[in-house]
Amino acid sequence: MDRNHLKRQVDFMKRSFLDQGYLDEQFIQLEELQDDDNPNFVEEIVTLFFNDSARLLQNIEQALVSGPIDFAKLDNYMHQFKGSSSSIGAKRVKDECTRFKEYCTAGNAEGCFRTFVQVKQEHATLRTKLETYFQLARQAGPPGTSRGQVR
Amino acid sequence: MLKSKTGMEDGFLSSVGAGDSTMLEPPTKITALVVDDDTINQMIHHRLLDNLGIRNQVVRNGKEAIDVHCSGKNFDLILMDMEMPVMNGIEATRQLRAMGIRSMIAGVSTNTRERENFMKAGLDDYQEKPLTTSKLVSILHKVHKDG
């Protein structure tokens, strides 16, 4: 009984992330790849993303505050970050990356600074939300029975 | 009819048109090479292929892709990222074709500006990242037809 309730909560949480644009269809695609042999695939990928991206964000921050801005370098870093974000379905983060890249192309330093704050914020927000989500999902039990199935 | 590992013969795979029994060779016959510098994409593409029963190997850049072929290995399908350090996907594709490699090479990228150059280098197909099972299945359709 309790498990079912948790599963419903997990599903509801996921739905709300999708509705509010934190995540997109790509996240669902990743969940479809989970099975009994790889029950924590999505959590593993997401953990990897947040570890990798913390580093990238640090590099970007460094590039922004140290000396004359190299827009090409920034754009490069952000392209990588946008790619990873897109791969895990992190929609809001990805959208902020796009905005940042536009400012890079325009050579607009102030725009870059402002948008970077947004990027970090969305990144941190998503991290917290997904940590909670995976905690709940683990409590709810094996993914096999909580995935949407066509019956 | 393809079954997923849990025995669910259904739903997901047939919804992406994988239901046709003449579509794919028995899964164990198809081999693939993933060429991508990004660890997350490596994991996702590896898992996508595993999930479809396709034995696959992962390398980190174009040069490693060349090296693995020079060591005598061959693959039915190569998933080639474009932007990679050491040697990018365009150069790697050119070299593989120059070496006489006839494998299906599918470019997987987000860089739409370079798409034409990438195709000209010798791609058989091109898909926008992120790769999904349905995009992979559409690539595999071509592997079977040309094989």
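Tutor: Some ground rules: residues are numbered from 1 along each chain as its sequence is written, and chains are lettered from A and ligands numbered from 1 in the order in which they are written. In this predicted model, local features need pLDDT of at least 70, side-chain atom pairs count only at pLDDT 80 or more, and totals for chains, interfaces and linings use all residues, while side-chain values use heavy atoms, with hydrogens and water left out.

Student: Why is Asp81(B) called buried?

Tutor: Buried means under 20% relative accessible area, exposed over 50%, partly exposed in between (1.4 Å probe, protein chains only). Asp81(B) has a relative accessible area of 5%, so it is buried.

Student: Where is Asp81(B) placed, and what does UniProt list for it?

Tutor: Asp81(B) is in strand 3 (residues 77-81) of chain B; strands (E, at least two residues) and helices (H or I, at least four) are DSSP runs, numbered from the N terminus. An unreviewed UniProt entry lists Asp81(B) for "modified residue: 4-aspartylphosphate". UniProt positions are given in the numbering used here, feature names are shortened, and annotations may be inferred rather than shown by experiment.

Student: What is Asp81(B) in contact with, leaving aside neighbours within four places in sequence?

Tutor: Contact means heavy atoms within 4.5 Å. On those terms, the partners of Asp81(B) include Asp36(B), Asp37(B), Val108(B) and Lys129(B).

Student: How do you know that strand 3 and strand 4 of chain B pair?

Tutor: Two strands pair if DSSP finds at least two bridges between them. Strand 3 and strand 4 of chain B have five bridges, in the parallel sense, so they pair. Within strand 4, Ile105(B) is the bridge partner of Ile78(B).

Student: Which strand of chain B pairs with strand 4 over four bridges?

Tutor: That is strand 5 (residues 125-128) of chain B, again in the parallel sense. Val108(B) stands opposite Gln127(B) there.

Student: What makes strand 4 of chain B largely enclosed?

Tutor: Six of the six residues of strand 4 (residues 104-109) are buried, so it is largely enclosed by the rest of the structure. Met104(B), Ala106(B) and Val108(B) point one way, and Ile105(B), Gly107(B) and Ser109(B) the other.

Student: What makes a β-α-β unit with strand 3 and strand 4 of chain B right-handed?

Tutor: With the strands pointing away from the viewer, the path from the first strand over the helix to the second must run clockwise. The unit of strand 3, helix 4 (residues 89-98) and strand 4 of chain B is right-handed.

Student: Turning to chain A, why is Met78(A) called buried?

Tutor: Met78(A) has a relative accessible area of 0%, so it falls in the buried class. Met78(A) is in helix 4 (residues 71-88) of chain A. Its C-alpha atom is separated by 7.7 Å from that of Phe100(A), 22 residues apart along the chain.

Student: What does His79(A) touch, beyond four places in sequence?

Tutor: His79(A), also in helix 4 of chain A, is in contact with Lys101(A), Glu83(B) and Thr110(B). An unreviewed UniProt entry places "modified residue: Phosphohistidine" at His79(A).

Student: How confident is the predictor in chain A?

Tutor: pLDDT is the predictor's confidence in each residue, from 0 to 100. Chain A averages 91, and 93% of the residues score at least 70. Over residues 146-151 of chain A, however, pLDDT stays under 50. Where pLDDT is low, the predicted coordinates should not be read in detail.
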